[in-house]
Amino acid sequence: MEIDSSAISRCSVEHQKIYTEWFSVADSDGDGRVTGVDATNFFVMSNLARPDLKQVWAIADSKRQGFLGLKEFITAMQLISMAQAGHVLNSDLLNSDVDFENLKPPVMDGLDALLARKRRPKSEPESNGNSPLQTSPSASSSWFTSPKSAKKVPLTAVTSIIDGLKKLYIQKLKPLEVTYQFNDFVSPLLTNSDFDAKPMVMLLGQYSTGKTTFIKHLLRSSYPGAHIGPEPTTDRFVVVMNGPDERSIPGNTVAVQADMPYSGLTNFGTAFLSKFECSQMPHPLLEHITFVDTPGVLSGEKQRTQRSYDFTGVTSWFAAKCDLILLLFDPHKLDISDEFKRVIASLRGNDDKIRVVLNKADQVDTQQLMRVYGALMWSLGKVLNTPEVMRVYIGSFNDKPINSVTAGPIGTELFEKEQEDLLSDLKDIPKKACDRRINEFVKRARAARIHAFIISHLKKEMPSMMGKAKAQQKLIDNLEDVFAKVQREQHLPAGDFPFVESFRERLNGYNFDKFEKLKPKLIQTVDDMLGYDIPDLLKNFSNPYD
């Protein structure tokens, strides 16, 4: 499976050198990013109409990052060249039969003079052996490591939506989370790698439903450490990601690497980390997406007693980080066990990410498939408490050709169309990654705000002198009433509150008397961030030609 055809891979070496030099001119501050302002100043030399340039930016910045890297810049230049040649610009143009390798660079009025000026020897301090492709470290990389400098981040350091979210988190949301111990109750504090991580896809299902084979099918090769068989073979969580060479990294090592977003998994202990590993390999698809392969959900007591870690807690942690969650089913394993129900319940709040895959569907004929599909929808309806019908993809995701003898002509055509739909869904993930980051950030801010109200209310209800232990236990026992009272007093939506039972369990280890009182200033800061700062950030990094 290919996510997209890189502009660089379809550009001659000669033209790539030209575009690289142009990129260094367009990138006014030399940070490896052409912002909207940079683009408007550079693209104007093409003499194209504003609507055409608006379309150029929209297609080149398909991920909505708010800036163009070198690859996106080359795409923009190729689009401008085609627009000058009379082509109608649209997103399908990049997948057309145009000979991109021999496509001539666009005509840019006045660019030669700018290039000549840049080539003059006056820029000696810049010629330190670094090529124009090498980008200077982003100012945002130090925000998470230097508390003092994090207090005052200059606006000029923000050159993308992700950088803006980092800045807002450090300055406005993190103080609220630290004050009310949000990181202990709900989710660990975010790090630089959490914002910069590639989109993730997690596969869940009972054993032998084809999870590992599904990843192998997409990669068209096996990843390091993969085991496939009819018995429960994958006994650990495996993150399959891009890397310079093929290797497996143990979980304890992965959890302490600053450039990987898995430090929060240390909360599940060594027992889990020994069943967690990262599998790296160089692959074009993994440059855009990271896959999370999971152990098959066991049935009966084995799931709870033979796992030495909190399986549902780990799946819930990954679900919050993932961009897509695939629930795989086998036509011969439609029963959803109590353990699988708990796993699906742990995905609460991430319903929009869930897709259901009925795998190995070519093992049954068309009539049986119709009955299997009906039984699967009936089973899901009892587990997923949603009035909407869950999207179910039907197919056989492996390297073998579809069994047309069993499936028949109707089934074969159906499987091919369903596979195309699912692959299209996967291809859209990188394009929606930035939108997903914003969505998750806003969800986290809302959750932290409600958490602050709950914690401060518990502190307020504690007596000042006598009977503290008894009062605390009473509050824990009547936590449903506490939630209802906080909801009424602060006019909060009931659906945003955490699970009562899981919150009650965590409260047992704390002394309410040491909780912080409500600090309206911190709440107001987060409200302003949600109401003004984030909309302004999105507006600043929208299409510069809007």
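**Close-up views of a predicted model**

**View 1. L285 in the loop between β6 and β7.** L285 lies in the loop that runs between β6 (276–281) and β7 (290–293). The model shown here and in the views below is predicted. L285 counts as buried, at 1% relative accessibility.

**View 2. S187 and its contact with R444.** S187 is placed in the loop between α8 (182–185) and α9 (192–196). With a relative accessible area of 18%, S187 is buried, because the cut-off for that class is under 20%. The side chains of S187 and R444 are joined by a polar contact of 2.9 Å. Leaving aside residues up to four places away in sequence, S187 touches F182 and R444.

**View 3. Packing of helix α18 against helix α22.** Helix α18 spans residues 429–460 and helix α22 spans residues 520–540; their axes are 10 Å apart and the packing angle is about 170°. Angles over 145 degrees count as roughly antiparallel, and α18 and α22 are therefore roughly antiparallel to each other. On the α18 side the contact is made by I438, F441, V442, A445, R446, R449, A452 and F453. These meet I523, V526, D527, M529, L530, I534 and L538 of α22. By class, the residues of this contact are 12 nonpolar, no polar and three charged.

**View 4. The buried side of helix α21.** Helix α21 covers residues 500–507, and F503, R504 and L507 in it are buried. These three lie on the same side of α21, because the arc they cover around the axis is only 105°. An α-helix has 3.6 residues a turn, so residues three or four places apart point the same way. The buried residues of α21 pack against α8, α18, α19 (468–477) and α20 (479–490).

**View 5. N47, a loop residue with positive phi.** N47 is found between α2 (36–43) and α3 (50–60), in the loop. Its phi is positive, about 65°, although N47 is not a glycine. Most residues other than glycine have a negative phi. N47 counts as exposed, with 56% relative accessibility.

View 6. The loop between α7 (161–179) and α8 holds Q181. Q181 is not a glycine, yet its phi is positive, at about 55°.

Terms used: Residues are numbered from 1 along each chain as its sequence is written. This is a predicted model: local features need pLDDT of at least 70, side-chain atom pairs count only at pLDDT 80 or more; totals for chains, interfaces and linings use all residues. Side-chain values use heavy atoms; hydrogens and water are left out. Helices (H or I, at least four residues) and strands (E, at least two) are DSSP runs, numbered from the N terminus. Buried means under 20% relative accessible area, exposed over 50%, partly exposed in between (1.4 Å probe, protein chains only). A polar contact is a pair of N or O atoms within 3.5 Å; within protein, one must be able to donate a hydrogen and the other to accept it, and residues adjacent in sequence count only if both atoms are side-chain atoms. Contact means heavy atoms within 4.5 Å. Axes are lines fitted to C-alpha atoms, for helices over the stretch in contact, and angles run from 0 to 180 degrees between N-to-C directions. Angles under 35 degrees count as roughly parallel, over 145 as roughly antiparallel, 65 to 115 as roughly perpendicular and the rest as oblique. Ala, Val, Leu, Ile, Met, Phe, Trp, Tyr, Cys and Pro count as nonpolar, Asp, Glu, Lys and Arg as charged, and the others, Gly among them, as polar. The arc is that of the directions from the helix axis to the C-beta atoms.
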